[in-house]
Amino acid sequence: MMDMKFLMILILGVGFMFVFTAFQTMCNIEKTILDSISQEDESFKGEGYTSLAIIYLFFSLSNWLAPSFISFTGPRVAMVVGALTYTAFMITFMFPSTVLLYVGSAVLGLGASITWTGQGTYLARCSESSTISRNSGVFWALLQCSMFIGNLFVYYQFQDKTRIDKETRNLVIGVLTLIAVLGIVFLAALRYMADNAEHDNELEQKHTGCGQAMYALKSAGQLFFTKKMLLLSLAFFYTGLELSFFSGVFGSAIGFTTKIAETPKEIVGLVGICIGAGEVFGGGLFGILGNKTTRYGRDPIVIAGYVMHMVAFFMTFINLPNSAPFKDTTDISYLDPPSATIALICAFLLGLGDACFNTQIYSMLGGEYVNNAVGAFALFKFTQSVAAAISFFYSSHFGLYVQLGILVVTGTIGTIAFVFVEWGFKRQHREQEALEK
């Protein structure tokens, strides 16, 4: 008989898979969609990178309030409410309006904070120290299956199209919206999971109402300024930059590189599929090898992810032109013509490397910060979303090569910081085991 907690992990993963089939696919094609709207309606001034920047700006700011919200509602209700904002954001694309787009982006940012903090909290409640790595990997693999479903559909719909017409656009948005609603149904089916952690017991027993919310906020603030969390924040920051790069910039840059294929827009869907393949492979692998990663540590996996990303950044540097993130261009980089095959290999490496970082961060937060899981996951998403907002703001101004340089520097710093923290926890566990003997 399947363990109830693991069943809830599966339902959680499927729910997020459907919600993010809609959102991640839209992130991948948003720039392309908005450019097609602008060509039809000159009064429409919505800009894809600006929309994404607003999402992550509000996401980052509201993460400080997420623990307080979850202290009232619990993680299940928080995830359902947050998922509704993702659905509302999808619907705004059916009614092109610059104001509506940016308001929808802000509302989604608010909802994203409680969605992801609720998810991390629920994952921790369904896990033990011996199962957190497995559960993190399984959840991540299910979540990233969203890259297949949405992008396969987009690839089929965008095939042989140099411009995305209104009929195609509305069909894609309508289907993605229905898929998001299906995800909400799964999230609503999750069962209540009690939290046995000392911190949360203290929170529930000693504080109620506004006092409970303020205690959750204060606790998160205190945790943020600890040495280990400040170091981890450097790794969190990098994951935000690379997330915004592969979800919003990389696919658009390939679609705008006209020499990469006869119809470069259809390759955007394949890019999302390859990113998803890397994510699912990584999440599934770490789910299967969960016990071994717990035994040997998380640092080898994060270092492997770092190497994969550096290889992908170098290959992107020699393959795509500097002007690729902005608009259709006939420019070239070091390869003439640019290679679609290399671009798809880079996409797979970006996805696999991202899985390396995120599954191990989830494992660390759920395993080492079990007494304050709500605060730990809120801080992770706060730092990550600040970085993503910054990245989407500068993506409108910096060329591809500057963006790649920023990723190389922050990736190196973030990886070193994560390894130092992991070594600290290993040393702490060894000392604890010695005392118990």
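**Aromatic pairs in a helical chain**

The chain has 17 helices and zero strands, where helices (H or I, at least four residues) and strands (E, at least two) are DSSP runs numbered from the N terminus. This is a predicted model, in which local features need pLDDT of at least 70, side-chain atom pairs count only at pLDDT 80 or more, and totals for chains, interfaces and linings use all residues. Residues are numbered from 1 along each chain as its sequence is written, and side-chain values use heavy atoms, with hydrogens and water left out.

Of the 437 residues, 60% count as buried; buried means under 20% relative accessible area, exposed over 50%, and partly exposed in between, with a 1.4 Å probe and protein chains only. Among contacts (heavy atoms within 4.5 Å) between residues at least 6 apart in sequence, 85% join residues at least 24 apart.

The structure holds 29 aromatic pairs. Rings of Phe, Tyr and Trp (its six-membered ring) pair if their centres lie within 6.5 Å; planes under 30 degrees apart count as stacked, over 60 as edge-to-face and the rest as tilted. The pair of phenylalanine 20 and phenylalanine 23 is edge-to-face because the ring centres are 6.0 Å apart and the planes lie at 85°. Both residues belong to helix H1 (residues 4-40), three residues apart, about one turn of the helix. Phenylalanine 20 counts as buried at 3% relative accessibility, and phenylalanine 23 is buried with a relative accessible area of 6%.

Phenylalanine 23 also forms an edge-to-face pair with phenylalanine 89, at 6.3 Å centre to centre and 65° between the planes. This pair links distant parts of the chain, since phenylalanine 23 is in helix H1 and phenylalanine 89 is in helix H4 (residues 75-92), 66 residues apart. Phenylalanine 89 has 0% relative accessibility and therefore counts as buried.

Other aromatic rings lie under a charge, a term that applies if NZ of Lys or CZ of Arg is within 6 Å of the ring centre and within 35 degrees of the ring normal. The charged end of lysine 228 sits over the ring of phenylalanine 425, 3.9 Å from its centre. Likewise, the charged end of lysine 381 sits over the ring of tryptophan 116, at 4.1 Å from the ring centre.
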